[in-house]
Amino acid sequence: VPLDRSELAEKALNPAINLATQFDASITLQYVDDESTRFDRMTVDLLNQYEQGLAEIVRDELAQHGEIYLQSLLDQAVIDNASVSFQMRLDTGNPALRIVEATKNGKFDAIVMSTHGWTGVQRWVYGSVMEKVLRSVDIPILVVKPGQGNMG
């Protein structure tokens, strides 16, 4: 389940938990720190030019925020769904590329992810992570659209 700190991405959790429960599977929560859209990354790049040690501290801090985010979701999900096992995966870079790489390097049966549902100019400007993943993987993808995900 790829997550990006948005409520929309988290809508994919319930369908993933339902599938994992039904098929006695585990769930990997993946968070990708998207360096191409983060102001923090520009700060890290500037710091790299001037003070290597300080840049590493900032980088570590960003990784910790991703880990704290996933752990908070994990803590809640484990309490609510004790029969499903969870793992965390933290990556940095382009989200679509990192999701695709994870499927090629791991043993995953499916991806459950949400889409922002952008159309027109928004889709052209921001692109669609889901669409890029869909075109690049050989495993099934369950796409949760805005307004869905409350499958009980």
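I started with the accessible surface, which comes to about 9,600 Å² for the protein. Carbon and sulfur atoms hold 52% of that area. The areas come from the Shrake-Rupley method with a 1.4 Å probe, and for residues only the protein chains shown count as cover. I noted that this is a predicted model, in which local features need pLDDT of at least 70, side-chain atom pairs count only at pLDDT 80 or more, and totals for chains, interfaces and linings use all residues. Residues are numbered from 1 along each chain as its sequence is written, and side-chain values use heavy atoms, with hydrogens and water left out.

Next I checked burial. Of the 152 residues, 36% are buried. Buried means under 20% relative accessible area, exposed means over 50%, and partly exposed lies in between (1.4 Å probe, protein chains only).

**Fold.** I found seven helices and five strands. These are DSSP runs numbered from the N terminus: helices are H or I with at least four residues, strands are E with at least two. The order from the N terminus is β-α-α-β-α-α-β-α-β-α-α-β. I also looked at contacts (heavy atoms within 4.5 Å). Among those with a separation of 6 or more, 72% join residues 24 or more positions apart.

**Salt bridges.** How many salt bridges does the structure hold? I count three. The criterion is a side-chain nitrogen of Lys or Arg within 4 Å of a carboxyl oxygen of Asp or Glu.

- Asp 91 pairs with Arg 89, with the closest N and O atoms 2.9 Å apart. Asp 91 is buried at 15% relative accessible area. Arg 89 is partly exposed at 26%.
- Glu 101 pairs with Arg 98, at 3.0 Å between the closest N and O atoms. Both sit in helix H5 (residues 95-105), and because they are three residues apart, about one helical turn separates them. Glu 101 is partly exposed at 36%, and Arg 98 is partly exposed at 24%.
- Arg 135 pairs with Glu 131, the closest N and O atoms being 2.7 Å apart. Arg 135 is exposed, at 68%.

**Nonpolar patch.** Which residues make the nonpolar surface patch? I found Leu 19, Phe 23 and Leu 142, covering about 270 Å². Patch residues have over 30% relative accessible area and no salt bridge; nonpolar side chains (Val, Leu, Ile, Met, Phe, Trp, Tyr) are joined within 5 Å, like charges within 9 Å. I located Phe 23 in the loop between helix H2 (13-22) and strand E2 (27-33). Phe 23 is exposed, with a relative accessible area of 57%.
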